[in-house]
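Visitor: I am new to this structure. Please take me to one part and give me a close look, with enough of the surroundings to find my way.

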Amino acid sequence: MCGQVGIIFGRKRRRPDERDYLREVFIRMLLHSEERGPHASGLAWLKTDGSHRIFKRPMRAHELVYEKPFQELLGQVDNKTSILMGHTRWRTRGNEFNNRNNHPIRAGIVIGTHNGTIYNADHLFRRLGLPRYAEVDSELIFRLADRFAPEGPIDQECLKKALALCRGQMSAVLASKLDPGTIAVLKGNKPLCLRIHRQHRVVLYASDDAFIDFAVDNEKGWRELEVPPMTMLTIRHEDVRAIKNSEFRFIPQERKGTLPEGVNA
Ligand SMILES: NC(=O)CC[C@H](N)C(=O)O
């Protein structure tokens with residue numbers, strides 16, 4: 001498992017009380033998602049000027065939220081923030097005490113989180129000649145996106161072609177620092193639930209619907225975005241309602257060692 005939670009912010013001048021409320025929603029989702037990943041947790045924000053900050057540690061979300069940098073980082077969320085992303089990690093590949101293996105992960109100009117395991121990551125890193133700073137398989141997804149973002153925006157068609165080579169499980173959320181108003185949400189074969197609120201102009205996402213339910217606590221106006229598996233969504237800060245979606249592919253594999261039918265190692 002692993003838990004992904006976050007808020008994609010549309011453009012809006014939010015008053016401090018609304019910002020505080022959304023921060024609270026984020027914390028609640030993160031705390032709830034601890035059950036999906038006890039080995040490490042982290043968060044990051046990205047702003048429309050391309051600045052970013054990441055804080056992650058090999059500790060449970062319930063401990064992370066009391067760390068000073070966590071509170072600082074959350075306090076810096078403002079009307080220029082395009083995404084606030086969180087992750088709770090159930091380590092599959094790469095020790096959590098090497099903090100580089102924890103999420104959110106930055107690879108060049110790309111920042112993101114991943115739920116799942118790419119079983120042929122080592123092979124693809126070598127075959128595609130990608131730089132590698134961590135041991136975690138997830139870095140592959142963000143290195144690929146970074147490679148296909150030479151001028152800022154991620155070339156989604158090229159990224160999709162490369163993702164098609166991946167074998168395993170994947171749902172991920174990512175963005176380029178040089179195109180910070182565009183967020184890519186890859187809903188593959190791992191759960192990812194999304195909800196939009198017109199007045200708040202935000203999209204919430206979480207690995208489990210229950211985390212969002214708990215976080216928004218019956219507040220009116222939240223609408224579920226129904227997204228089938230294997231969909232790449234593009235959500236923009238300029239207008240979070242104008243969501244683009246397209247299909248993407250990779251080779252789904254449930255467990256290590258058991259190749260799906262028709263796939264040669
Ligand atoms: N359980 C997961 O989804 C883990 C994600 C990634 N493979 C990691 O080890 O961090």
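Guide: Start at V240, which is buried because its relative accessibility is 3%. Buried means under 20% relative accessible area, exposed means over 50%, and partly exposed lies in between (1.4 Å probe, protein chains only). V240 belongs to strand β14, residues 239-247. Helices (H or I, at least four residues) and strands (E, at least two) are DSSP runs, numbered from the N terminus.

A word on the model. It is predicted, so local features need pLDDT of at least 70 and side-chain atom pairs pLDDT 80 or more, while totals for chains, interfaces and linings use all residues. Residues are numbered from 1 along each chain as its sequence is written, and side-chain values use heavy atoms, with hydrogens and water left out.

Back to V240. H197 is 43 residues away from V240 in sequence. In space, the two are 9.3 Å apart, C-alpha to C-alpha. Now try W45. It is part of strand β2, residues 40-47. W45 is buried because its relative accessible area is 6%. I83 is 38 residues from W45 along the sequence, yet their C-alpha atoms are 5.6 Å apart. G75 and I105 give another pair: 30 residues apart in sequence, 21 Å apart in space, C-alpha to C-alpha. G75 is in helix α3, residues 68-75. It counts as partly exposed because its relative accessibility is 48%.

Now for the close look: the ligand. Which residues are closest to the ligand? They are M1, C2, R89, T92 and G116, among 15 residues that surround it. A residue counts here if one of its heavy atoms lies within 4 Å.

Take the side chains next. R89 has a side-chain N or O atom 2.5 Å from an oxygen atom of the ligand. T92 places a polar side-chain atom 2.7 Å from a ligand nitrogen. N115 also faces a ligand oxygen, with a side-chain N or O atom 2.8 Å away. How much of the ligand does the protein bury? Alone, the ligand exposes 300 Å², and the protein buries 99% of that. These areas come from the Shrake-Rupley method with a 1.4 Å probe.

Stay with T92. Its side chain also makes a polar contact with the side chain of T117, at 3.2 Å. A polar contact is a pair of N or O atoms within 3.5 Å; within protein, one must be able to donate a hydrogen and the other to accept it, and residues adjacent in sequence count only if both atoms are side-chain atoms. T117 sits in the loop between β6 (110-115) and α4 (121-128). T117 is buried because its relative accessibility is 10%.

Return to C2, one of the closest residues to the ligand. It is found in strand β1, residues 2-9. C2 counts as buried because its relative accessibility is 5%.

Two backbone details remain. The peptide bond from H103 to P104 is cis, with omega near -5°. P104 lies in the loop between β4 (81-89) and β5 (105-107). D217 has a phi near 45°, and that too is a positive value in a residue other than glycine. Look for D217 in the loop between α7 (209-216) and β12 (222-225).
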